[in-house]
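Thanks for having me, everyone. Please have a look at the structure, and I'll talk you through it.

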Amino acid sequence: MSSTPSPTTTDEISWVLTPLLELPGVLHAVVATGDGLVEGASDGLERASAERVAAMTATVHAAARAFTAAFTEAERPRLAQTVVESDLGYAIVVPAGENTSLAVFTSPDAQLGNVAYQMQLQVAALGRALASPVRRQDDDGRS
């Protein structure tokens, strides 16, 4: 039996979290909308905590964009990632498509390069999944 948390089965896009949660040092993960709502969360994170993370993800991302704009005078800079380092670990947020973000929390000893790389792979997979039309059978029985 693994001690690694697994994504919830009730959230439709939580599958994107599974490879992240399998990485050493990744403790929690959340997929959030740009307005701070939970779209998916790891099982190890209580619903109330996931909701706070989603809300803070939107806030941190907006603050990081404003912070970058203040330095550069760019009107709306595109963020690649936002990283918060603490004594407890790292919180990493990356844009995951239109009005969506992916956030993870890791232990202090996590390999951030590996985590960031896997996050980008999962963002790409999520983008492909959301852009793909739903397959269904035609009325005449052909698929």
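**Strands, core and a ring pair**

Let's start with two strands: β3 and β4 pair in the antiparallel sense, over 5 bridges. Two strands pair here if DSSP finds at least two bridges between them. In that pairing, valine 84 sits opposite alanine 91 of β4.

Some ground rules. This is a predicted model, where local features need pLDDT of at least 70, side-chain atom pairs count only at pLDDT 80 or more, and totals for chains, interfaces and linings use all residues. Residues are numbered from 1 along each chain as its sequence is written, and side-chain values use heavy atoms, with hydrogens and water left out.

Now the overall layout. The protein has 3 helices and 5 strands. Helices (H or I, at least four residues) and strands (E, at least two) are DSSP runs, numbered from the N terminus. Along the sequence, the pattern reads α-β-β-α-β-β-β-α.

Back to the sheet. In what order do its 5 strands come? The order is β2-β1-β5-β4-β3, in an open sheet with antiparallel pairing. The edge strands are β2 (38-41) and β3 (82-86), and each pairs on one side only. From one strand to the next, the twist averages 15°. For angles like this, axes are lines fitted to C-alpha atoms, for helices over the stretch in contact, and angles run from 0 to 180 degrees between N-to-C directions.

Look at β5. Tyrosine 90 has threonine 106 of β5 as its bridge partner. The hairpin of β4 and β5 has 4 residues between the strands, and glycine 97 there takes a positive phi near 110°.

Is β5 mostly covered or mostly open? Mostly covered: 6 of its 7 residues are buried. Buried means under 20% relative accessible area, exposed over 50%, and partly exposed in between (1.4 Å probe, protein chains only). Across the protein, buried residues make up 37% of the 143 residues.

That takes us inside. In soluble globular proteins, nonpolar side chains tend to be buried together. A nonpolar core is a set of buried Ala, Val, Leu, Ile, Met, Phe, Trp, Tyr and Cys residues joined through side-chain atoms within 4.5 Å. The largest one has 19 residues, and Leu17, Ile92, Leu102, Val104, Val115 and Met119 have the most contacts inside it. Two or more residues each come from α1 (18-21), β1 (26-33), β4 (89-95), β5 (100-106) and α3 (112-131). The largest share, 4 residues, comes from α3. Another core, of 7 residues, lies apart from it, with Val30, Ala32, Val38 and Ala50 among them.

Take valine 104. Leaving out residues up to four places away in sequence, valine 104 touches Leu20, Val26, His28, Ala29, Tyr90, Ala91, Ile92, Val115 and Met119. Contact means heavy atoms within 4.5 Å.

Last stop: aromatic rings. Rings of Phe, Tyr and Trp (its six-membered ring) pair if their centres lie within 6.5 Å; planes under 30 degrees apart count as stacked, over 60 as edge-to-face, and the rest as tilted. How many aromatic pairs does that rule give? It gives 1. Phenylalanine 67 and phenylalanine 71 have ring centres 5.1 Å apart and planes at 85°, so the pair is edge-to-face. These two phenylalanines are 4 residues apart in helix α2 (residues 47-72), so about one helical turn separates them. Phenylalanine 67 is exposed, at 55% relative accessible area. Phenylalanine 71 is exposed too, at 66%.
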